[in-house]
Amino acid sequence: MMSNLSGAGKVVGVTGASGYIASWIVKFLLQRGYTVKASVRDPSQYRPLSPSLSYDSRKTAHLTSLDGAKERLQLYKANLLEEGSFESCLEGCEGVFHTASPFYHDIKDPQAELLDPALKGTLNVLNTVAKLPSIKRVVLTSSMAAVVCNGKPKTPDVVVDETWFSDPNICKESQLWYVLSKTLAEDAAWKFVNEKRIDMVTINPAMVIGPLLQPTLNTSAAAILNLINGAQAYNNLSFGWVNVKDVANAHIQAYEIPSANGRYCLVERVVHYAELVKILSELYPGLQLPDKCADDKPLVPIFHVSKEKAKSLGIEYIPLETSLKETVESLKEKKFVNF
């Protein structure tokens, strides 16, 4: 898929490299011949989704074992909240992929666990970028969370596009802390880069699924695991979904294509959880899946997301059915589920 060696002799930085999307970005960059300087979190900041996992080399083994890693992958320790901690990682880079930002739901302290790392971490990385003249472009991993939460109706006749921005006040009122963290971080990033004249592109994916490279369970794959692992009911929610390989590919295209600019919404399809269950039951006929909705309210409607701008990056989306199958097979292979 990514066989041309367009990155030969070039050095780029990836923050939060052991994460779900970032691991695929690193894999594709190495395939393209880039030298990758990658930051991973400080072990004391690491919060495994499973308490049985301690921080050790297993967190990075999936990166160090990638093709080309031995020759062209360098790992650095950096902490989002520590000023200047990204300097050694980003020094000498021509481009930076800033993907590091926490994503989980069971939070006790939204400010410390989500908002500070997303917002301060992004500005910390961009501050470093501003000091390094070698860096020509930053690709920021944002989210559809920073796009759709603005109080506008979302119904089947609505097409969301890159001109939509989430409203922080609405996120706060609804206590959507992850959504707020991505909204504030992207907003602050645009203000900063416009002021400092840094060339930045943002990638705004919906729920990202597909194969896992990393050994830990990420939040979006956990949503699928929950459905196939004995959930009694499914959520009354409609979400956009997209394959992790398309998302990683889009990051690299956004870096390599000179005319790439602004934001890119990445959504293959918006479906209700009821539809996800239906697709899963067709893919895995014997599987015990939830057969009722978690509440009695009318089903939350779907909406549409424009694919026009993503097309200009050459993205041809992997269909949701394929993404779901890849996710389930990957969860089986990594022993998160057994059937």
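What radius of gyration would a compact globule of 339 residues have, and what does the protein have? A globule of that kind would come out near 20 Å. The protein has 19 Å, so the two agree. Keep in mind that this is a predicted model.

Now the overall build. The protein holds 13 helices and 12 strands. Along the principal axes, its C-alpha atoms fill a box of roughly 55 × 40 × 40 Å. Of the 339 residues, 55% count as buried.

Charges next. There are 36 positive and 36 negative charges in the protein. Their mean positions lie 3 Å apart.

Where does Gln 253 lie? Gln 253 is in helix H10, which covers residues 244-256. Is Gln 253 buried or exposed? Its relative accessible area is 17%. The cut-off for buried is under 20%, so Gln 253 counts as buried.

What does Gln 253 touch, leaving aside its neighbours within four places in sequence? Gln 253 is in contact with Arg 32 and Leu 313. The side chain of Gln 253 reaches the backbone oxygen of Leu 313 at 3.3 Å.

To recap Gln 253: it sits in helix H10, it is buried, and its side chain reaches the Leu 313 backbone oxygen.

Technical notes:
Residues numbered from 1 in each chain as written. Predicted model: local features only at pLDDT ≥ 70, side-chain atom pairs only at ≥ 80, totals over all residues. Heavy atoms only, no water. Helix = DSSP H or I, 4+ residues; strand = E, 2+ residues; numbered from the N terminus. Rg over C-alpha atoms; globule rule 2.2 N^0.38 Å. Buried < 20%, exposed > 50% of the residue type's maximum accessible area, 1.4 Å probe, protein only. Lys, Arg positive; Asp, Glu negative; His and termini not counted. Charge placed at Lys NZ, Arg CZ, Asp CG, Glu CD. Polar contact = N/O pair within 3.5 Å; in protein donor to acceptor, adjacent residues only side chain to side chain. Contact = heavy atoms within 4.5 Å.
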